[in-house]
Amino acid sequence: MKTETGATKTGGKLTIIVIAVLVILFLVYYSVMAMLAPLKKLNELKEKYTPEYEEAASGSRILTDSTYLSLIKEKAFLQSKINMAETDSIYLVLNLADSIASLEISGVEVHSARISFFRMSSILGKGNEYLMYSLLSGPLNIVGDYSTIRKEPLMIKMAPRDTSEYKPDIIPDTTYHEPVNYILETDIGIRIFIYQSEKILPSDRKHQYFFDLNDRLRNTWNSLKRVAILEVPEYHPFIKLVLPGADARIIYRAIPRKGQIAVYL
Amino acid sequence: MEEDRVQKEGNESGFPPGNKMTLHEISKRVSAHISRFYAGVHENKKLLGVIRTTLISVVTLLSVVFLVFYILFAVPQFQELPYGKGSGPANLKELKEDKNYRKITGTLSKDVQRLLRKYNSYTSGQSYIVINTTYNKFHLFRNKKLVREGRCSTGSYIMLKTHGEKKWIFKTPKGKYWIQGKIASPVWRKPDWAFVEEGLPIPPPNHPSRWEPGVLGDYALSIGDGYLIHGTIYKRFLGMPVTHGCVRLNDEDLEVIYKTLNIGSKVYIF
């Protein structure tokens, strides 16, 4: 009996050790794959913008020169805005250098908001300036979004059958508060997060946390699926902005579902 | 003698007599208690099992929490470790003396100026109005300067459905429009939904019951597709989304806008 119990105990310990080792190995594997993802994305972007990038990069120190880069940046931003201004649609302009987010229609600024805080992926930052300006010389096209508010707050009303059923419309409740947080996904994989700056109700912080957590879960699930088939997961560079709630709502409701964005880094 | 007795009594009762117990004695007592507790636990196999199960559960739970936290929060942080080749732009003095460099930057400078001129030409010097449908406000511009702002009412986002197949969505269209017509003392020609909404039968297209004077204010400006900028008798609703798609204004604002905007003036709705 004693030998059997001892064997069971040793077996149990061994199982625990094996599980722990497997979990640690998986964590290491997942971490390595996840850390390779931004590099893979960077290479993909370089490949996509190869002609311009390679041509300019061919043996020239000019690509790190501040004057040259600032001119390239200005040109890219203007090109992007002019592209969008040629349409009659509403578009978003993110001037991160001046911390301004504005809505424009055909080159006319119709609304402007102060960005109180922003943060972006490291691959959009230092060291990759030339690539980023080449990439941003055209507008980013929105391909999808996740939001805590509805794009169009439609209310369904059934028509009365006759005058006896008629009831006048209810006056809308303009004091109703809902936190505004959303993510705009673009065609080249850059994701733009917009969060409301004010935390009016205690639950606003909680809403933002769960909105963020939901996105992390979604991304992690997708990454795990990729890693499970021995593929490097998708990496989405991000730009996270904090705006006043009213402005964040205006921007989300104004830009079309397949709208466009110009970014000035 | 009396003091010795108190000391002895104190020690026997297990409580320190005053402050005379040393730290060493306290630690000795505590370790004795702990040893007794462990001995008790070891003897009580049921309790030992419960403690062991609890410990394993807590360790497992903490490991799972760590695992989730690591994957959800730590790994994305690792992904943001600095990438890229260099340390950012530099001011290269010797490069600036290079002929080719000056040629490239000169061309770029010209391109930027050309694009800037083109971009600035989009903002018209003529009068235009900007309407914010989310917060029901308008801004009137003349010569690129704001000349008037105020409240308005725009589409309610109500979808009116009949018991049959018909439906209407009362929203103000967004984008760039222009003034296509200006009407003084407008008379409202009630569309089908105005009857459906009140539970009335829909009259023929030119039936007299369709014409209703006085409800659109003194002026109306058409922006196409039947959408108007007009006055209202429901002034208390200004600043709220209550209309069927048109833009309602108060009498004073409407008059200024009517006099400022011409046929062809731009209307930007967002």
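What percentage of the 270 residues of chain B count as buried? Hi everyone, let me start there: the figure is 23%, where buried means that 20 or more other C-beta atoms, placed from the backbone, lie within 10 Å of the residue's own.

A quick word on the model. It is predicted, so local features need pLDDT of at least 70 and side-chain atom pairs count only at pLDDT 80 or more, while totals for chains, interfaces and linings use all residues. Residues are numbered from 1 along each chain as its sequence is written, and chains are lettered from A and ligands numbered from 1 in the order in which they are written.

Now, the layout of chain B. Its domain assignment gives domain 1 (2-78) and domain 2 (128-269); such bounds come from an automatic or database assignment. The C-alpha centres of these two domains of chain B are 76 Å apart. Chain B has seven helices and 15 strands, taken as DSSP runs numbered from the N terminus (H or I, at least four residues, for helices; E, at least two, for strands).

On to the partner chain. Here 61 residues of chain B are in contact with 70 residues of chain A, contact meaning C-beta atoms, placed from the backbone, within 7 Å. Several elements of chain B give two or more residues to that side, including helix 3 (45-79), helix 5 (99-120) and strand 5 (158-161). Helix 5 of chain B gives the largest share, eleven residues.

Strand 5 of chain B also pairs with strand 6 (residues 155-158) of chain A, in the parallel sense over four bridges; strands pair if DSSP finds at least two bridges between them. In that strand of chain B, M159(B) stands opposite I156(A).

Let me finish with a sheet within chain B. It is an open sheet of four strands in the order 8-11-12-14, with mixed pairing. Strand 8 (181-184) and strand 14 (247-248) of chain B are at the edges with a single partner strand each, so one side of each has no neighbour in the sheet. Strand 14 of chain B runs parallel to strand 12 (residues 227-230) of chain B, joined by two bridges, and there V247(B) is the bridge partner of I229(B). Helix 7 (residues 251-260) of chain B packs on this sheet, touching strands 8, 11 (219-224) and 12 of chain B, and its direction makes about 60 degrees with that of strand 11 of chain B. Axes here are lines fitted to C-alpha atoms, for helices over the stretch in contact, with angles from 0 to 180 degrees between N-to-C directions.

Terms used
Two residues are in contact if their C-beta atoms, placed from the backbone, lie within 7 Å. A residue is buried if 20 or more other C-beta atoms lie within 10 Å of its own, exposed if 12 or fewer, and partly exposed in between; C-beta atoms are placed from the backbone.
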